[in-house]
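Let's take a friendly walk through a protein model. Have the sequence and the 3D view ready as you read.

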Amino acid sequence: MKNFLTCCLICISTFGFAQKKQVQPLPSIQFYGIDFSQVNVIGSRETKDKFLTAFSGINQLLINEAKKYDIGQTVKANITQTSVEIANKGVADLANANFINAPNKEINISDMIKPYCGNGETGLVIIAKELNKTTNTGTFIYAFFNGETQKITKQETISGKAKGFGLRNFWAGALYDSMESYAKMLKKIK
């Protein structure tokens with residue numbers, strides 16, 4: 001009788017712990033890449049043209065190396081589409097004034113997301129705020145927005161350590177490090 005009760009308790013506890021949790025569906029998001037149009041570059045000797053090439057190259061990495069730069073996994077969302085064309089157009093207009101040694105330039109995120117709105121979907125654009133060669137850090141703003149109302153629904157500012165060889169890979173390393181930090185932050189919240 002004792003063995004029977006012990007066996008029943010083991011079965012009940014096993015089945016109780018083995019029940020699956022209901023998994024919440026991931027939100028669907030359209031990802032627009034990295035917007036470098038207002039970035040403040042500090043302490044670097046490379047030319048503006050070299051940076052423009054590097055910035056477009058970083059956005060291309062998001063497509064070519066999608067498994068490594070998995071933004072969906074980073075932000076815990078289902079990325080329905082990645083479209084970097086608008087972000088790359090903004091890079092072409094990058095002002096020479098952004099290549100100075102003066103940190104803390106203010107960015108109006110509401111104005112920056114306007115070109116990405118209009119399709120009614122939730123969107124995400126990562127805004128490069130500062131690339132600081134003296135500290136080897138890149139600061140990025142993860143801006144989520146409602147594509148219909150143009151309202152920012154969430155934003156997080158995350159910095160990452162730059163690493164890698166070549167201008168593109170060096171700053172892509174900062175982006176990657178910021179993505180890892182963002183994912184760790186979300187784990188801590190849950």
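## A residue with two partners

Gln30 sits across from Gln81, a residue of strand 3. Gln30 also stands opposite Gly123 in strand 4. Strands here are DSSP runs of E with at least two residues, helices are runs of H or I with at least four, and both are numbered from the N terminus.

This is a predicted model, in which local features need pLDDT of at least 70 and side-chain atom pairs count only at pLDDT 80 or more, while totals for chains, interfaces and linings use all residues. Residues are numbered from 1 along each chain as its sequence is written, and side-chain values use heavy atoms, leaving out hydrogens and water.

## Strand 1 and its neighbours

Two strands count as paired if DSSP finds at least two bridges between them. Strand 1 (residues 28-35) runs parallel to strand 3 (residues 78-82), and 4 bridges join them. With strand 4 (residues 122-132), strand 1 also pairs in the parallel sense, over 4 bridges.

Is strand 1 mostly covered or mostly open? Mostly covered: 7 of its 8 residues are buried. Buried means under 20% relative accessible area, exposed means over 50%, and partly exposed lies in between (1.4 Å probe, protein chains only).

## The whole chain

The chain has 6 helices and 6 strands. Read from the N terminus, their order is α-β-β-α-α-β-α-α-β-β-β-α. Of the chain's 190 residues, 40% count as buried.

Contact means heavy atoms within 4.5 Å. Among contacts in the chain with a separation of 6 or more, 69% involve residues 24 or more positions apart.
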